[in-house]
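Here is a briefing for a first look at this structure. Start with the charged side chains, then turn to the strands.

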Amino acid sequence: MDKKKIFSLFLILGILIVFFFLLFSNNKKEKVEENLLYSRRFRNTILSFQKYDDVLGQNRIVGVEKSTDNGKSYTKVTKEPITVSQEARFLFTNEKVGYVISTGYIRRENDFKGFKVTLDGGKTFMDAKFSYDNENVDLITIEEFPYQAGSELRMKCSVYDLTEDGNGYEEKDFEFKSIDKGLTWVLENTVNQKEKSNRLRVALYFFDLVAWIFKDFSKISNPERLLL
């Protein structure tokens, strides 16, 4: 076989390799875009939630993928993909912290699960814990994603609760508060009550101490406290 035929053969082979490479790359890119549920860029990093499969009960299996080359390629981040509803919402606030609202509401019968948190960029997810003691309420609606308020997170929610006269139900709005990046939540006004109670204890203790120093024992609110 002469050199021209060998050259032509290698040229054709090279063209075929490039063609199939481009075809595979485009198909892969289209598949990524088709299953893309959410993405956000942080400098040179893009974090995205991808759908891997649909499951029974109008749910889907999803996971986080990461790109560091402007979206040309992605690598899987989530160790164990999570199951969420078809209406799930997603948010990353930075390269490490992200949230998933599965259905928009959480139920008492399910221990108020349904709000997931990741603190490692999507490698693992944890169910947030909600402290809510109103036995008249079985369902809490999550109205919005958490927002930063100083050094804490707050999240707007609502419930249908008994009216004050107990003759009906009405929608009530309130906020949960978290100081651990969304892993645990308590009612915002409950926290305020605890803070007020703590401040009151400190004030009473100081008042008792002053009264004890000046020997005015009649003004001591709790004499036993001074013996601790």
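A salt bridge is a side-chain nitrogen of Lys or Arg within 4 Å of a carboxyl oxygen of Asp or Glu. One network of such bridges links Glu-152, Arg-154, Lys-177 and Glu-188. The model is predicted: local features need pLDDT of at least 70, side-chain atom pairs count only at pLDDT 80 or more, and totals for chains, interfaces and linings use all residues. Residues are numbered from 1 along each chain as its sequence is written, and side-chain values use heavy atoms, leaving out hydrogens and water.

**Salt bridges**
- The structure holds seven salt bridges.
- Glu-152 and Lys-177 meet at 2.9 Å, N to O. Glu-152 lies in strand E14 (residues 152-162) and Lys-177 in strand E15 (residues 169-178), so the pair ties together parts 25 residues apart in sequence. Strands (E, at least two residues) are DSSP runs, numbered from the N terminus.
- Both Glu-152 and Lys-177 are buried. Buried means under 20% relative accessible area, exposed over 50%, partly exposed in between (1.4 Å probe, protein chains only).
- Lys-172 forms a salt bridge with Asp-161, with the closest N and O atoms 3.4 Å apart. Lys-172 is partly exposed at 27%, whereas Asp-161 is buried at 8%.

**Arg-60**
- Arg-60 sits in strand E3 (residues 59-67).
- Arg-60 is buried but has no salt bridge; Asp-54, the nearest side chain of opposite charge, is 4.3 Å away. Here Lys and Arg count as positive, Asp and Glu as negative; His and the chain ends are not counted.

**Strand E9**
- Strand E9 (residues 115-118) is covered on both faces. Phe-115 and Val-117 are buried on one side, Lys-116 and Thr-118 on the other.

Notes. Helix = DSSP H or I, 4+ residues; strand = E, 2+ residues; numbered from the N terminus.
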